[in-house]
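Q: Hello! I am new to this structure and would like to learn how to read it step by step. Could we go through it together?

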Amino acid sequence: MDARYLRAVADCLVFHNIIGTPSELTDANFKAKVRAFQTSHGGLFVDGDIGELTAWELQARMVTDGLQLMSVNVPVDSTPSVQSVPMNLRADAAGAAAQLFAAVRAKGGIVTSAGGFRPLSTTPNAHQSARSMHYPGLAFDLAVATGGFDPDKDPFVLERTGTTSGPNYWRVWSRATGGDSQTITATVHSGSWNNIKVQTKTVTGKFINFSDLAREHGFQSIGPRSAYLAATSKQYMSSEWWHFQYEAALIPNFSQLGIEMIRVGGPTYTAERIRAANANLWDERRAIFRQKWN
Ligand SMILES: [Zn+2]
């Protein structure tokens, strides 16, 4: 069993007095200890498996009582033609983003922004996920007009990796005087953003691999939405090349959207306030990372 997963469950079981110390939980007794927790919590199906309801009961009160991670502003750069949106992220993601951006700037690159936290009241449009990582402040977007149009000048240059969908669809390069010489088969967009034309152009110059650097700092990209991959009326705003999310904070098959929102400090991110601000979002609270939440 994955060590981080085991430890996260163990910490919850200690909180709920099912075990005394985290090291008491092992692969061998895992199901029995989870069953003991489920038995002690009325209403849970006692099967020893951690589904959405059990994961929620394990984490919710511990997170409510625990350390809160505040919203932190991360400084970003603008270009002469594109004014960046201020970027606020949850403190853990903000710390990692600040280090990532410092590494980009140290090589002569810039980091533009279309924002981080999404207000809880936001109803997702066709290009946005109902379970977005932006709600708990774990994702940032680079400014959408600062890459993918003019690869000889844009701060960011996009390249297809060869996969046809999914999180590794894009490789994003950052133009940087201190970067390495690269020859890139750049994706170039033109025309209406609601019927975008996609071509390629070979460019050479000094770049750093922003996607790799982001991954080293805990941030993963996501793939385009179907409206960008469609054969006709391709939607630029569904390309998602600009989106990076702090998956280092999350444990596959255990972390939940609502738990990660409650972890955000301040009066806005209590269970009651989130439910009042956006009932649909609250309905998604138990979605588990790498299951219904990606
Ligand atoms: Zn995004």
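A: Gladly; let us begin with one pair of residues in a predicted model. Ser174 has Ile208 in S6 as its bridge partner.

Q: Which residue in S6 stands opposite Arg175?

A: That is Phe207, which faces Arg175 across the strands.

Q: How many bridges link S5 and S6, and in which sense do the strands pair?

A: Strand S5 covers residues 170–190, and its pairing with S6 is antiparallel over 14 bridges. The two strands make up a hairpin, with six residues between them. Look at Gly191 in the turn: its phi is positive, about 85°.

Q: In what order do the strands of this sheet lie?

A: Read the order across the sheet: S4-S5-S6. This is an open sheet of three strands, paired in the antiparallel sense. On its edges are strand S4 (156–160) and strand S6 (197–209), each of which pairs on one side only. Ignoring direction, neighbouring strands here are turned against each other by 35° on average.

Q: How many bridges join S3 to S8?

A: Three bridges join S3 to strand S8, which spans residues 243–246, and the two run antiparallel. For a landmark, find Phe140: its bridge partner in S8 is Phe244.

Q: Now for helices. What describes two packed helices?

A: The angle between their axes and the distance between the axes describe them. Here, take helix H1 (residues 3–15) and helix H3 (residues 52–65): they pack at about 70°, and their axes are 9 Å apart. H1 and H3 are therefore roughly perpendicular to each other. The crossing in which H1 passes H3 is left-handed.

Q: Which residues make the contact between H1 and H3?

A: From H1 come Val9, Cys12 and Phe15, while H3 brings Leu58, Gln59 and Met62. Sorted by kind, the residues of this contact are five nonpolar and one polar, with no charged residue.

Q: Let us step back to the whole chain. What domains is it divided into?

A: Domain 1 is made of 3–66 + 251–283, and domain 2 of 72–248. Between the C-alpha centres of domain 1 and domain 2 there are 32 Å.

Q: How many residues of each domain are in contact with the other?

A: Domain 1 has ten residues in contact with nine residues of domain 2. On the side of domain 1 that touches domain 2, the elements giving two or more residues are helix H7 (257–262), helix H8 (271–277) and helix H9 (279–283). H7 gives the most to that side, with three residues.

Q: What kinds of residue make up the side of domain 1 that touches domain 2?

A: Six are nonpolar, three are polar and one is charged.

Methods: Residues numbered from 1 in each chain as written. Predicted model: local features only at pLDDT ≥ 70, side-chain atom pairs only at ≥ 80, totals over all residues. Pairing = 2+ DSSP bridges. Helix = DSSP H or I, 4+ residues; strand = E, 2+ residues; numbered from the N terminus. Axes fitted to C-alpha atoms, helices over the stretch in contact; angles between N-to-C directions. Domains from an automatic or database assignment. Contact = placed C-beta atoms within 7 Å. Nonpolar A, V, L, I, M, F, W, Y, C, P; charged D, E, K, R; others polar. Parallel < 35°, antiparallel > 145°, perpendicular 65-115°, else oblique. Left-handed = near helix turned anticlockwise from the far one by under 90°.
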